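Q: Could you take me through the charged side-chain pairs here, starting with what you count as a pair?
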Amino acid sequence: MRRDAREAALDADSLDLGALLRKQPLTLEQICARTGLRERDALRAIRAAQRAGVSITLIDRHYALALKDAPPAFVAGDLPVLKSDRNGVYRFGACGDNHLGSKYARLDVLNELYDIYAKEGIKTVYNTGNWIDGEASFNVHDLLVRGMEEQLDYLAEHYPRREGIVTHAVAGDDHEGWYAQKFGVDIGLRAEQTMRAAGRSDWRNLGYMEAHIRLRHARTGAESILAVVHPGGGSAYALSYTVQKIVESLEGGEKPAVGLYGHYHKLMVANIRNVWTIQTGTTQDQTPFMRKKRLAAHVGGCIVELRQDADTGAIVRCKVEMLRWFNRGFYNDRWSHARMPHPAGRALGIDD
């Protein structure tokens, strides 16, 4: 068999492995028995499936498909590094909960946000997850695009691209994470691969749910940790309560210096247990589901500036600029702070 034809056959085999392992974990010998592959070819198919984003892990000699129990990004591998300038200053953008593919997604806001980042000289943006809307029973009527590959293609086509800006994104365990749970796919890796296939190198996958970045002082090498997190659960009665309980639950010595939190669609900054805690907002208007649950949407994003102590690596200063937009009605003259007559009212001879 020619090499390219042989590899094509192995790629087809790798695509079948996900479906095979959904039923139960299997040893390499069992995989060979069920697929007819030799051990060497089965291992190549497993590696090909992993490169394609299928979440196959080896546990006690059994290959298993990671679904709901996929580990968060910070527990494995080397941590990425963000270096300060010579004075220990960091400046980056932060946003999330874009929900591309939803009728309620605000591409106008997302694009304007990136225009501001570009104008302000921002080179790095951290995205706290839910970059696509995914599919569930309660959002099916909200969708412009259905299907995992279709939504990822939509993301690659419509997520803003600005010269010199790189977006580093975590994947939530909801919305895009629903595909991970349904198909056993590494959805963050698949998003990055889709971006690459579309000719985009400005999107970097940080992994699943929670990623840690080393904040490294350029002159001394002193370090702190930045956490980029997409938590779960519902919002609380107070904006700060849920992230406050998250930070309070962390053991001493495991707290980051700075935490960027998505999921709750809120804009907020606080210092909790010496952690600079920032909620990064959303670029999606309030949906019918959110309205039913009485959940507000803070449409916008952030520019974050940090200053690091050169000797200890501690983040001693934090400045967060919140960029806020409003719902579409605010901009289409549905109401006016100046109480100007509505054009329809004028046409009907009715004063506001």
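A: A salt bridge here is a side-chain nitrogen of Lys or Arg within 4 Å of a carboxyl oxygen of Asp or Glu. Keep in mind that this is a predicted model.

Q: With that cut-off, how far apart are the closest N and O atoms of arginine 196 and glutamate 192?
A: The closest N and O atoms of arginine 196 and glutamate 192 are 3.9 Å apart, and because the criterion is within 4 Å, the pair is counted as a salt bridge.

Q: And where do arginine 196 and glutamate 192 lie?
A: Both residues belong to helix H7 (residues 187-197), where they are four residues apart, about one turn of the helix. Arginine 196 is partly exposed, its relative accessible area being 36%.

Q: OK, how many salt bridges does the structure hold?
A: There are 14 salt bridges in the structure, one of them between arginine 162 and aspartate 115, with the closest N and O atoms 2.8 Å apart. That pair links distant parts of the chain, since arginine 162 sits in the loop between helix H5 (148-158) and strand E6 (166-171) while aspartate 115 is in helix H4 (residues 107-119), 47 residues apart.

Q: Switching to arginine 200, is it buried or exposed?
A: Arginine 200 is buried, at 2% relative accessible area, and its side chain meets that of aspartate 202 in a salt bridge of 2.7 Å, N to O. Aspartate 202 also counts as buried, with 9% relative accessibility.

Q: Last one: which residues are linked in a network of salt bridges?
A: Arg91, Glu120 and Glu305 are joined in such a network.

Methods
Residues numbered from 1 in each chain as written. Predicted model: local features only at pLDDT ≥ 70, side-chain atom pairs only at ≥ 80, totals over all residues. Heavy atoms only, no water. Helix = DSSP H or I, 4+ residues; strand = E, 2+ residues; numbered from the N terminus. Buried < 20%, exposed > 50% of the residue type's maximum accessible area, 1.4 Å probe, protein only.
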